[in-house]
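Hello,

Here is the structure we spoke about, for you to open next to this email. My notes on it follow below.

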Amino acid sequence: HKNAYEYLEYIRGDLNYRERMEDAERTRKYAKENPVESSVFSALMSPMKVASAIGQAVEFVTTGKIDENAGYNKFSHIPSDIRGAVSESVEEKWGGDGSFAYNTGMSMADFLVNTALSGGNSALAMTLMGSEVAADTVIDGKKRGLADGDAFALGIIAGLAEAATEKFSVD
């Protein structure tokens, strides 16, 4: 059994990557076929990125590594995949201005969902928004080839910056 578990651990990164690519393909297809419904879903799901941020922190603290394709990052990948697919479709139909307007609208939707979930508690709202940015930044950093520690540090910095700048809009 020990050898089987060791082998599974050895190939886990590849398995996570394959599952992630399959999920991304399904999500993007769904988003292109149902742009409004999927966009609403992505805004409602966005606060769940907290789970991705927590998963990244736990993995980094316990192992010193971060797998951007790990299951806990689905909470970050799904809204990003939806928005990427819908934004591409919007840009094909209405150009860069349309895509910019869509992304701006989705950012406002995230803000409204987080504000509603926080019940007006500005500290909670800033924590939600900061952790969303942190999770996405870690994943983006890993995709760009940053080392795990650098991606994690960049995520923390981006999350803190988001929380600090959102304080003004929440207040």
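Phe-60 has a relative accessibility of 21%, so it counts as partly exposed, the cut-off for buried being under 20%. Keep in mind throughout that this is a predicted model.

Which residue forms an aromatic pair with Phe-60? In one of them, Phe-60 is stacked with Phe-152: the ring centres are 4.6 Å apart and the planes are at 25 degrees to each other. The two residues lie 92 residues apart, with Phe-60 in helix α3 (residues 49-63) and Phe-152 in helix α6 (residues 148-170), and the pair thus links distant parts of the chain. Phe-152 has a relative accessible area of 15%, so it is buried.

**Lys-49**

Helix α3 also contains Lys-49. Is this lysine buried or exposed? Its relative accessibility is 5%, and therefore Lys-49 counts as buried.

**Helix α4**

What does α4 look like from end to end? This helix has 45 residues, and a straight helix would reach 66 Å at 1.5 Å a residue. The end C-alpha atoms of α4 are only 22 Å apart. When you follow the helix on screen, look at Trp-94: a kink of about 140 degrees is centred there. Just after α4 comes Gly-119, which takes a positive phi of about 60 degrees.

**The cavity**

Rolling a probe the size of a water molecule over the atoms shows where empty space is left. How many cavities of 30 Å³ or more does a search of the whole structure find? The search finds 1, and the volume of the largest cavity is about 80 Å³.

Two helices, α1 (2-33) and α4 (74-118), each supply at least two residues of its lining. Among the lining residues are Asn-16, Glu-19, Arg-20 and Asp-23. Others in the lining include Asn-69, Ala-70 and Gly-71, as well as Lys-74, His-77, Ile-78 and Asp-81. By type, the lining of the largest cavity divides into 5 charged, 4 polar and 2 nonpolar residues.

To find these places on screen, you could begin with the stacked pair of Phe-60 and Phe-152, then go to the kink centred on Trp-94, and end with the lining of the largest cavity, Asn-16 and Asp-81 among its residues.

Regards

Conventions: Residues are numbered from 1 along each chain as its sequence is written. This is a predicted model: local features need pLDDT of at least 70, side-chain atom pairs count only at pLDDT 80 or more; totals for chains, interfaces and linings use all residues. Side-chain values use heavy atoms; hydrogens and water are left out. On a 1 Å grid over the protein atoms alone, a cavity is a set of points where a 1.4 Å probe fits but cannot get out, and a pocket is an open set with protein on both sides within 12 Å along at least five of seven lines; lining residues have an atom within 4 Å of a point. Grid points are joined across faces, edges and corners, and a volume is the space filled by probe spheres set on the points. Helices (H or I, at least four residues) and strands (E, at least two) are DSSP runs, numbered from the N terminus. Ala, Val, Leu, Ile, Met, Phe, Trp, Tyr, Cys and Pro count as nonpolar, Asp, Glu, Lys and Arg as charged, and the others, Gly among them, as polar. The expected span of a helix is 1.5 Å times one less than its number of residues. The bend at a residue is the angle between axes fitted to the seven residues ending there and the seven starting there. Rings of Phe, Tyr and Trp (its six-membered ring) pair if their centres lie within 6.5 Å; planes under 30 degrees apart count as stacked, over 60 as edge-to-face and the rest as tilted. Buried means under 20% relative accessible area, exposed over 50%, partly exposed in between (1.4 Å probe, protein chains only).
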